[in-house]
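Welcome! Please take a moment to look over the sequence and the model, and then let us walk through them together.

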Amino acid sequence: MSDFSLPEEFAAEIEQSLVAQDYDQVEMATLITNGGERVYLPIQRTEAGEVVPQTIMEAVLAADINVPASTQFWVEGQVVDPGAVHVASGMRISAYGNIKGG
């Protein structure tokens with residue numbers, strides 16, 4: 001049986017690659033429609049790790065969801081303005097209206 005080891009330059013390159021990849025859980029908010037469908041809205045971060053501000057409406061539209069103007073959005077039992085409230089990791093958003101897509 002022979003001893004096998006990677007040359008130092010390859011071992012260092014592989015280690016650096018693994019460190020550069022973030023294996024933490026994906027951060028997201030959950031949009032729940034009145035039909036019970038769940039749509040996951042990812043929380044985006046800059047390279048520095050700061051959250052990229054995104055309103056509920058921006059996140060919903062980025063997920064390619066068609067949202068009529070009459071749709072109501074609720075967070076923690078309160079009606080919210082989807083153009084003013086920012087999504088956050090773990091946020092549960094309920095949407096009531098004729099929503100399509102996702």
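Leaving aside residues up to four places away in sequence, Thr71 touches Ala95, Tyr96, Gly97 and Ile99. Please keep in mind that this is a predicted model.

Where does Thr71 sit? You will find Thr71 in the loop that runs between strand 3 (65–66) and strand 4 (72–75). Is Thr71 buried or exposed? Its relative accessibility is 9%, so Thr71 counts as buried, the cut-off for buried being under 20%. The side chain of Thr71 also reaches the backbone oxygen of Pro68, at 2.9 Å.

One of the residues that Thr71 touches is Ile99, so let us go there next. Ile99 lies in a loop too, between strand 6 and strand 7 (100–101). With a relative accessibility of 16%, Ile99 counts as buried. Which residues does Ile99 touch, not counting those up to four places away in sequence? They are Thr33, Ile65, Asn66, Pro68 and Thr71. Pro68, then, is touched by Ile99, and its backbone oxygen is reached by the side chain of Thr71. As for Ile65, this residue is 34 residues from Ile99 along the chain, yet their C-alpha atoms are separated by 7.0 Å.

The partners are Trp74 and Tyr96, placed edge-to-face, with 6.5 Å from centre to centre and 85° between the planes. Trp74 belongs to strand 4 and Tyr96 to strand 6 (residues 92–96), so the pair links distant parts of the chain, 22 residues apart. How accessible are the two partners? Trp74 has a relative accessibility of 29% and counts as partly exposed; Tyr96, with a relative accessible area of 41%, is partly exposed as well.

Now step back and take in the whole chain. The protein chain has two helices and seven strands, and along the sequence they follow the pattern α-β-β-α-β-β-β-β-β. Of its 102 residues, 25% count as buried, Thr71 and Ile99 among them. Taking contacts between residues at least 6 apart in sequence, 55% join residues at least 24 apart. Finally, the protein chain exposes about 7500 Å², and carbon and sulfur atoms supply 51% of that area.

Key
Residues numbered from 1 in each chain as written. Predicted model: local features only at pLDDT ≥ 70, side-chain atom pairs only at ≥ 80, totals over all residues. Heavy atoms only, no water. Helix = DSSP H or I, 4+ residues; strand = E, 2+ residues; numbered from the N terminus. Buried < 20%, exposed > 50% of the residue type's maximum accessible area, 1.4 Å probe, protein only. Polar contact = N/O pair within 3.5 Å; in protein donor to acceptor, adjacent residues only side chain to side chain. Contact = heavy atoms within 4.5 Å. Areas by Shrake-Rupley, 256 points an atom, 1.4 Å probe, with all protein chains shown as cover. Phe/Tyr/Trp six-rings, centres within 6.5 Å; stacked < 30°, edge-to-face > 60°.
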